[in-house]
Amino acid sequence: MPIQRERLLGDFLELVRIPSPSLREGEVAQAIISKLKDIGAHVEVDDACNAIGGEHGNIIAKVGGSVKAPALLLNAHIDTVTPCENIVPVIESDCIRSDGTTVLGADDKAGVCVILEALRVLCEDKIAHGPIEVVLTVAEEIGLLGAKHLDYSRLSARCGFVFDGGAPVNKVVVAAPTQKNIRARIIGVASHAGVSPEKGVNAIVLASRAIAKMRLGRLDDETTANIGVIRGGRATNIVPDLVELEGEARSHNERKLDEQIEHMHSLLVAEAEGGGGKAEVEIELKYRSFSVGEDELPALVAKDAITRLGKSPLWKRGGGGSDANIFNERGIRSVIVSSAEQNAHMLSEFVCLSDMEEAVKLAIELVRSFAEFAKRGAIGG
Ligand SMILES: [Zn+2]
C-alpha cells in the first residue's frame with residue numbers, strides 16, 4: 001500500500017499555510033478542489049454559503065466505484081478555529097506543530113489530507129471499492145453550519161465516517177450529546193449608585209444569585225452545563241440595569257438535558273423577578289445527540305477496518321458536537337474516526353505524520369471493508 005509520506009506532508013503543509021477561519025474558506029477550498037480534480041473526482045459545490053454568509057459552499061466530491069455497493073460518505077471540515085493567520089508549521093522529526101502563536105489547523109486539515117491521500121491510493125492500487133461521496137464542510141467550528149445547510153439532495157450515502165477525531169487512530173466516537181444554548185437578559189432598574197441606590201434594581205446582583213444556585217460543570221456521566229459569557233454594567237456609579245448571559249447544557253440523555261435547561265431557566269426568572277427585575281430567556285437547540293450501536297453498520301465496518309490494522313477499536317462517547325450529529329439527524333448513520341490531530345483548538349496543537357499515515361490506512365480499510373460488507377449483502381437498502 002504505497003501511501004506517499006512526502007505527498008501527504010506536502011498537502012498538509014500547503015493547506016495549513018492557507019488561513020481558513022470559518023466563513024472564509026474560499027482560498028483553501030480552491031486548493032482542495034484542484035487536488036480532488038487531479039485525483040479524478042467529480043467535484044460539486046453547494047450553495048450553503050448563501051444561507052450562512054460565507055465565502056464558499058460545502059465541497060462534494062464523488063468518486064465512482066469499481067464494485068456495486070451503496071455510496072459511502074467520508075467527511076472532514078475545511079475551516080479552522082482562530083488564531084489561524086500566518087501559520088508557520090514547524091517540523092520536529094515525525095511531528096508538526098505551529099510556532100506557538102497560532103493553532104496548527106490539523107483540526108481538521110489533517111482529516112482533509114487523510115481523505116485525499118486515501119483516495120489517491122485507492123485509485124493507484126486499484127483497490128476494489130464502491131462509490132465514495134466526500135463531503136468537505138465549511139463553518140463547522142461555529143455551529144456545524146456547513147453540515148446544517150448541506151444540500152443533502154446531492155448525496156445518496158446512508159453510512160459515513162467523519163475524520164475529525166483526535167489520536168490514537170483506533171479511537172471511534174460512537175455517541176455525542178445534544179446541546180442546547182441558553183441566552184438571558186436580566187433586566188433591573190438603573191439609578192445613581194450614590195444618590196438614589198434604593199431606586200435601582202441591580203441586574204448584576206440578580207444574575208449572580210441565579211448563577212450561584214445553578215448546577216454547573218459535570219453533572220453526571222452524560223450531562224454537562226456551563227455559563228460561558230456574562231456582560232453587563234457601565235460604571236461604578238450606576239446601579240446596572242442589564243446583564244446578558246450565555247450558557248449551554250449538553251447531555252446524551254434528552255430528558256436530563258431538558259431538566260437542566262429548565263433548572264437554569266427557572267432560576268434566572270425566579271431570581272430576577274424575586275429581586276424586582278425580570279428575565280428574558282431564549283433557548284436554542286444547537287444539535288441533537290446520536291448514538292451508534294456496536295451492531296450497526298458504521299461500527300461494524302470500523303471494527304473490521306481497525307482490526308485489519310492490527311489494533312482493537314477504542315469506542316468512545318464524545319462530549320462535543322460535530323458534523324456527525326447533523327449527518328445522523330439527516331439519516332446518514334455516522335461515527336467519528338481519528339484524523340490523528342492532537343490538542344485541537346490549542347496553540348500547542350500538533351499532528352504526527354506516522355499517525356496520519358495510520359489514519360490514511362484506516363480510511364482505505366474503511367472503504368474496502370464497506371465494499372466487502374456490501375458484497376456479502378450485509379448492507380440493506
Ligand atoms: Zn474539527
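Q: What makes the crossing of α4 and α10 right-handed or left-handed?
A: In this predicted model, α4 passes α10 in a right-handed crossing. The term applies if the near helix is turned clockwise from the far one by less than a right angle, and left-handed if anticlockwise. This is a predicted model, where local features need pLDDT of at least 70, side-chain atom pairs count only at pLDDT 80 or more, and totals for chains, interfaces and linings use all residues. Residues are numbered from 1 along each chain as its sequence is written.

Q: Why are α4 and α10 called oblique to each other?
A: Helix α4 (residues 106–124) and helix α10 (residues 353–375) pack at an angle of about 55°, their axes 8 Å apart. Axes are lines fitted to C-alpha atoms, for helices over the stretch in contact, and angles run from 0 to 180 degrees between N-to-C directions. Under 35 degrees counts as roughly parallel, over 145 as roughly antiparallel, 65 to 115 as roughly perpendicular and the rest as oblique. α4 and α10 are therefore oblique.

Q: Which residues make the contact between α4 and α10, and how are they classed?
A: On α4 they are A110, C113, V114, I115, E117, A118, V121 and L122, and on α10 they are M356, A359, V360, A363, I364 and V367. Two residues are in contact if their C-beta atoms, placed from the backbone, lie within 7 Å. By class, 13 are nonpolar, none polar and one charged. Here Ala, Val, Leu, Ile, Met, Phe, Trp, Tyr, Cys and Pro count as nonpolar, Asp, Glu, Lys and Arg as charged, and the others, Gly among them, as polar.

Q: Why are α6 and α7 called oblique to each other?
A: The axes of α6 (residues 203–213) and α7 (residues 254–274) come within 8 Å and cross at roughly 140°. α6 and α7 are therefore oblique. Their contact is made by L206, R209, A210 and K213 of α6 and L267, L268, E271 and A272 of α7. It has five nonpolar, no polar and three charged residues.

Q: How many helices and strands does the chain have?
A: There are 10 helices and 19 strands. Helices (H or I, at least four residues) and strands (E, at least two) are DSSP runs, numbered from the N terminus.

Q: Why does N226 count as partly exposed?
A: N226, in strand β12 (residues 223–232), has 15 other C-beta atoms within 10 Å, so N226 is partly exposed. With C-beta atoms placed from the backbone, 20 or more others within 10 Å make a residue buried, 12 or fewer exposed, and anything in between partly exposed.

Q: What makes A139 and L144 buried?
A: A139 has 28 C-beta neighbours inside 10 Å and therefore counts as buried. L144 has 24 other C-beta atoms within 10 Å, so L144 is buried too. A139 sits in the loop between β6 (132–137) and α5 (145–148), and L144 is found in the loop between β6 and α5. Phi is near 50° for A139, positive in a residue other than glycine, and near 55° for L144, again a positive value in a non-glycine residue.

Q: How do you know that the radius of gyration agrees with a compact globule?
A: The radius is taken over C-alpha atoms, and the globule rule is 2.2 Å times the number of residues to the power 0.38. For 381 residues a compact globule would have a value near 21 Å; the chain has 24 Å, which agrees.
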